[in-house]
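Okay, thanks for coming, everyone.

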Amino acid sequence: QVQLVESGGGLAQAGGSLRLSCAASVRALDSYDMGWFRQAPGKEREVVAQISWTGENTYYADSVKGRSTISRDNAKKIVYLQMNSLKTEDTAVYYCAAKYLPPFYGGPWPRLTGYEYWGQGTQVTVLS
């Protein structure tokens, strides 16, 4: 059973930074693509960023591109989302997600769908 636990959310001022972490209870994190998603009140859940199982490929939503960096440490089984220049519209619950892949998978990128495992979420609130 895959368990994902997010941390690092909280209150931040507009223009500030936060680093979200996602600790994964898996045998090998490099068997999974990892992603960060968010859901603001009254809105649909949307993808924020994704990173391939090797860490070689990343994807960012236009809304965070240039302000955010997704990274992973497969040895520590942690995925990070560094968010800079925060905006009030970044306020949302942020979810970590994982998608299992066959060994040495080399399919097209990005792979925006098919995430099977989700964390409980961490609230990010950006104050003006």
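Predicted model: local features only at pLDDT ≥ 70, side-chain atom pairs only at ≥ 80, totals over all residues.

Residues are numbered from 1 along each chain as its sequence is written, and side-chain values use heavy atoms, with hydrogens and water left out.

So what does E7 pair with? Its partner is strand E8, residues 78-83, joined to E7 by six bridges and running antiparallel. Two strands pair here if DSSP finds at least two bridges between them. Aspartate 73 stands opposite isoleucine 78 in E8. The two strands make a hairpin with four residues between them, and in that turn lysine 77 has a positive phi of about 60°.

Zoom out a bit. E7 and E8 belong to an open sheet of four strands, in the order E1-E3-E8-E7, with antiparallel pairing. The edges are strand E1 (3-7) and E7, each of which pairs on one side only. Neighbouring strands in this sheet are turned by 15° against each other on average, direction ignored. That angle is between axes, lines fitted to C-alpha atoms (for helices over the stretch in contact), and angles run from 0 to 180 degrees between N-to-C directions.

On to strand E3, residues 18-25, which six bridges join to E8, again antiparallel. Serine 21 is in E3, and its bridge partner in E8 is tyrosine 80. Is serine 21 buried or exposed? Buried, at 16% relative accessibility; the cut-offs are under 20% relative accessible area for buried and over 50% for exposed, with partly exposed in between (1.4 Å probe, protein chains only). Not counting residues up to four places away in sequence, serine 21 touches Val5, Glu6, Ser7, Trp36, Ile78, Val79 and Tyr80. Contact means heavy atoms within 4.5 Å.

Now the rings. A pair of aromatic rings is described by the distance of the centres and the angle of the planes. Rings of Phe, Tyr and Trp (its six-membered ring) pair if their centres lie within 6.5 Å; planes under 30 degrees apart are stacked, over 60 edge-to-face, and the rest tilted. How many aromatic pairs does that give? Four.

Take tyrosine 32 and tyrosine 117: their ring centres are 6.3 Å apart and the planes sit at 75°, so that pair is edge-to-face. Tyrosine 32 is in strand E4 (residues 32-39) and tyrosine 117 in strand E10 (residues 117-118), so the pair ties together parts 85 residues apart in sequence. Tyrosine 32 is buried, at 10%, whereas tyrosine 117 is partly exposed, at 25%.

Next, phenylalanine 37 and tyrosine 115, with centres 5.3 Å apart and planes at 70°, so edge-to-face. Phenylalanine 37 is in E4 and tyrosine 115 in the loop between strand E9 (92-100) and E10, so this pair ties together parts 78 residues apart in sequence. Phenylalanine 37 is buried at 7%, and tyrosine 115 is buried at 10%. Ring pairs also link Tyr32, Tyr100 and Tyr117 into a cluster.

Leaving aside neighbours within four places in sequence, glycine 35 contacts Ala49, Gln50, Tyr95, Cys96, Ala97 and Tyr115.

Last stop, two arginines. The charged end of arginine 45 sits over the ring of tryptophan 118, 3.7 Å from its centre; the rule is NZ of Lys or CZ of Arg within 6 Å of the ring centre and within 35 degrees of the ring normal.

Arginine 111 is in the loop between E9 and E10, and it counts as buried at 10% relative accessibility. Which side chain does the arginine 111 side chain make a polar contact with? That of aspartate 33, at 2.7 Å. A polar contact is a pair of N or O atoms within 3.5 Å; within protein, one must be able to donate a hydrogen and the other to accept it, and residues adjacent in sequence count only if both atoms are side-chain atoms. The arginine 111 side chain also reaches the backbone oxygen of glycine 107, at 3.0 Å.
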